[in-house]
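Please open the structure in your viewer and follow the stops below in order, making each selection before you read on.

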Amino acid sequence: MTRECAVLLPGVCAALADPRQPGLDDTCLEKLLDWFRSLTWFDPTVELVQDNPCLTELITSVLALQDPSPSILSFTLQLAGILASSESRFQHLQQEKLLGRLFGREGPRGGAAWEEASVRSAWVKGVHSMVHHQPALLFLCSSGGMDVIFTLQGDPSLFVASAASQLLVHMLTFSLESETSKALSTKDYDWPACAQMIVRHIQESLQSSSASHMEQSLKLLSSLFGSCFGSCYAAWTEVLWLDIAKQIESFLLEEAVPAQPLLASLLLNVARSPVFCGTEGSFWALVTSALEHLTPVQAGPLAVGLLKLCKCPQDVRIQALTVLLQPMDCILRAASQPLECAGLLDESVSDPGTVESLLSSKTTCAGLLCQTLAHLEKLLSLKHLRVDLPCVSLLRSLMTILQFCNGFLSPTSPLGSTISRNLINCCRVQKSALDVLVALSEEKDCDTLIGSLFDVLLAYLQSPNTSPTVLKKTFQATSKWLVHVQELSSSNSQWQQTEKILEDVFVVLQKRLCSPCWEVRDSSLEFLTAMVKCLKGQKEFRQCLLSSEVLRLTENLLEDPESYVRASAVTAVGHLALITCFAPESPLTGNQYNKENIVAKLQEILLTDSEGFPRRAVISIFTKWLREGCTGQLEDTEQFVSRVIQTVERDLDWEVRLGGLELVEVFCSQTICQLSQCPYAPVSSAVTSSTPQKELLQVFCRAKLFGFLFGSLCDCDKPVGQRACDVLVGLRGHFYPVSTLENPQEVEDSPAGRGIAWLQRTLRQGSLAQNFPRDGGGGVDFQDPESMMLALGAIDLLELHDELNKSSDHVEESPQSLLQDILATVGTIEDNEVDCY
């Protein structure tokens with residue numbers, strides 16, 4: 001602790017203990033606690049409390065108050081726990097007889113303040129901070145603290161209950177640390193005293209007739225096995241599991257145990273422990289029993305968790321997959337009677353009647369399917385799944401679900417009719433099924449069903465009953481499967497089928513682009529952009545596109561009343577231009593689709609659109625065109641970039657200005673590539689005066705880059721200044737090797753030196769100079785190559801870079817400043833002494 005802080009601290013402690021003072025802001029108190037945490041973390045000695053007796057006086061004063069405020073009492077409990085985190089300070093506070101009055105039987109838990117959840121939470125946090133040495137454990141075990149923690153497990157405040165459970169996990173783990181080496185050497189696995197109390201409490205709670213006590217212990221066990229305990233204390237994990245396994249098994253076999261939903265989480269966390277790596281043993285038999293006896297909703301999370309485990313035995317893994325596929329199998333079997341195609345499963349893990357019952361109920365049908373579909377999507381996203389998914393049957397089941405949902409399938413079986421009624425127009429299930437459909441597009445075994453699949457997708461795209469959110473997901477699934485079809489077609493000449501699908505898709509797209517619903521128009525444009533990105537290289541796709549009305553309709557949407565739609569239209573037009581305007585063999589020559597017309601329209605949007613989204617989209621498209629070399633020869637590109645940045649630098653949207661800087665960065669790197677022999681390397685001093693370097697500077701000056709870049713350094717939005725500085729540092733690295741920067745004195749004496757010195761002073765003001773004169777103010781000619789060469793070499797851009805990259809809290813936020821603020825708040829120092837950071 002600094003001397004200045006030590007001088008201020010007694011006044012702060014006195015103010016905190018004074019009930020006449022107004023309550024301090026909780027944020028201030030939390031910052032004060034953070035400071036004490038950092039002090040005690042680096043210095044475990046007793047000197048902190050001995051040299052600052054005001055700390056123990058504060059605790060004593062708060063304890064003496066008849067009715068302390070909850071915030072000050074909470075602060076005191078946490079402070080005492082932090083101070084007692086080292087054994088020496090713990091002993092000192094014990095000698096002062098303070099810890100018993102805070103955390104022992106005579107503590108605050110009998111008073112009115114205990115009714116406040118914040119006080120109970122602070123008590124738990126204080127104990128958690130304190131328990132980092134054996135004397136603290138012994139103190140809690142002997143002072144009745146353990147019973148308090150057990151009680152707080154069931155606290156009505158979820159925050160308190162969760163903190164109490166985490167504290168017990170910490171205490172059990174910590175109490176074993178000193179015992180582990182002894183136990184390993186002697187094979188004497190007797191629980192230490194504190195751990196024994198916790199384990200006995202768990203066992204008694206599991207056997208209790210109280211449902212809440214059972215649930216608390218199952219949650220605690222799940223947290224314990226899910227923490228480092230399960231992986232770092234293998235021997236103790238096995239001992240604990242053997243102590244409770246019989247009770248857990250009995251829960252599975254009993255029908256109406258309210259704690260059953262917690263069993264799946266517990267078993268999964270135990271399964272992750274290295275103790276159960278082997279395929280033998282009673283544990284995996286218990287897991288198998290759980291998959292059989294838990295309901296499908298309860299067993300689903302356990303099944304998907306097991307499938308992610310690399311060490312799970314194969315027979316258990318197959319059972320877990322069967323649990324997940326049961327609802328999908330039931331859907332397939334319900335769709336037709338008699339069964340026209342095989343289901344997903346040869347046999348079930350649990351009673352199929354349970355799944356049928358859940359799918360037959362209006363209240364549980366959608367929930368079960370959504371959970372199952374979410375689990376299947378997770379599995380399909382895994383790179384290495386150790387079981388084979390029956391993808392063809394799964395795809396057939398997904399199509400059946402989607403047809404049930406939009407009423408396009410009329411099953412003949414009674415079960416199918418009931419499920420169909422439950423699912424009709426169910427958006428939740430539709431979205432979940434479409435998500436799995438997207439994931440399934442990566443699989444290679446579904447070729448035979450592609451025609452039927454696109455019939456289902458097109459039905460959704462055409463139906464007026466498809467909600468906008470479902471339509472958006474249908475578009476996403478369609479674009480993914482179109483790419484899949486394109487990959488197939490290139491290998492086995494299925495273009496006839498592909499062309500038919502594309503023609504149907506474009507007919508639907510034309511209709512959707514004219515929808516009165518802006519979300520539908522927006523999704524349609526996003527779908528079009530996705531198709532262009534993936535399929536623009538395919539001749540058949542381009543033919544279908546150019547023979548439709550999609551191009552005209554998309555351009556019309558550049559004037560849509562909704563700004564999101566205009567932005568999506570800009571992006572779509574920008575990608576379409578790669579086919580219609582910029583392609584070497586561009587088939588369109590009419591005035592409507594020529595390059596100049598498209599560029600002019602987008603520039604007009606950048607200049608005049610009242611909303612930021614379309615303008616951001618324009619600058620993004622211009623940057624994409626530049627990257628792909630679509631803006632012509634160097635002279636054309638130079639004029640194009642110059643026009644764009646002159647528009648962008650006046651834009652009020654910082655993201656548009658940031659996009660302008662990205663455009664400039666791309667232009668600089670491309671120009672350097674074209675005009676320099678070694679594009680990305682620093683240039684030697686001998687080359688600096690060569691013609692390519694002069695030509696580069698002339699190009700950048702003609703394009704008015706430097707005024708934009710130096711002005712952006714003073715932008716009031718920090719990301720803009722940071723990006724501009726990055727670009728300038730990159731340019732300086734190209735024009736100047738590190739060792740050949742300009743001599744400041746020589747620059748000062750040069751004709752342009754005064755202007756450069758002014759520029760350096762102005763840039764140091766940062767955003768205070770945001771009305772930066774880009775037209776030669778201050779005597780700087782931003783279009784003069786020699787002046788800009790001098791500026792790049794003389795201005796300390798690295799210093800500016802460091803300043804711009806400082807976080808916003810680099811303003812003094814020291815402990816001294818915090819203590820001064822607290823004293824100012826309570827009125828014990830003059831106003832002008834406070835530093836309100």
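Keep in mind as you look that the model is a predicted one.

Now widen the selection to residues 612-627 for H33 and residues 654-675 for H35, whose axes come within 9 Å and cross at roughly 5°. Since angles under 35 degrees count as roughly parallel, H33 and H35 are therefore roughly parallel to each other.

Across the model, the count comes to 17 aromatic pairs. One of them is formed by Trp35 and Phe36, a tilted pair with 5.1 Å centre to centre and 40° between the planes. Are these two residues buried or exposed? Trp35 is buried, and Phe36 is buried as well.

For the last stop, select helix H12 (residues 193-206) together with helix H15 (residues 234-253), whose axes come within 11 Å and cross at roughly 10°; H12 and H15 are therefore roughly parallel to each other. Here Val199, Gln203 and Leu206 in H12 meet Leu240, Asp243, Ile244, Gln247 and Phe251 in H15, and by class the contact has 5 nonpolar, 2 polar and 1 charged residues.

Key:
Residues are numbered from 1 along each chain as its sequence is written. This is a predicted model: local features need pLDDT of at least 70, side-chain atom pairs count only at pLDDT 80 or more; totals for chains, interfaces and linings use all residues. Side-chain values use heavy atoms; hydrogens and water are left out. Axes are lines fitted to C-alpha atoms, for helices over the stretch in contact, and angles run from 0 to 180 degrees between N-to-C directions. Helices (H or I, at least four residues) and strands (E, at least two) are DSSP runs, numbered from the N terminus. Angles under 35 degrees count as roughly parallel, over 145 as roughly antiparallel, 65 to 115 as roughly perpendicular and the rest as oblique. Rings of Phe, Tyr and Trp (its six-membered ring) pair if their centres lie within 6.5 Å; planes under 30 degrees apart count as stacked, over 60 as edge-to-face and the rest as tilted. Buried means under 20% relative accessible area, exposed over 50%, partly exposed in between (1.4 Å probe, protein chains only). Contact means heavy atoms within 4.5 Å. Ala, Val, Leu, Ile, Met, Phe, Trp, Tyr, Cys and Pro count as nonpolar, Asp, Glu, Lys and Arg as charged, and the others, Gly among them, as polar.
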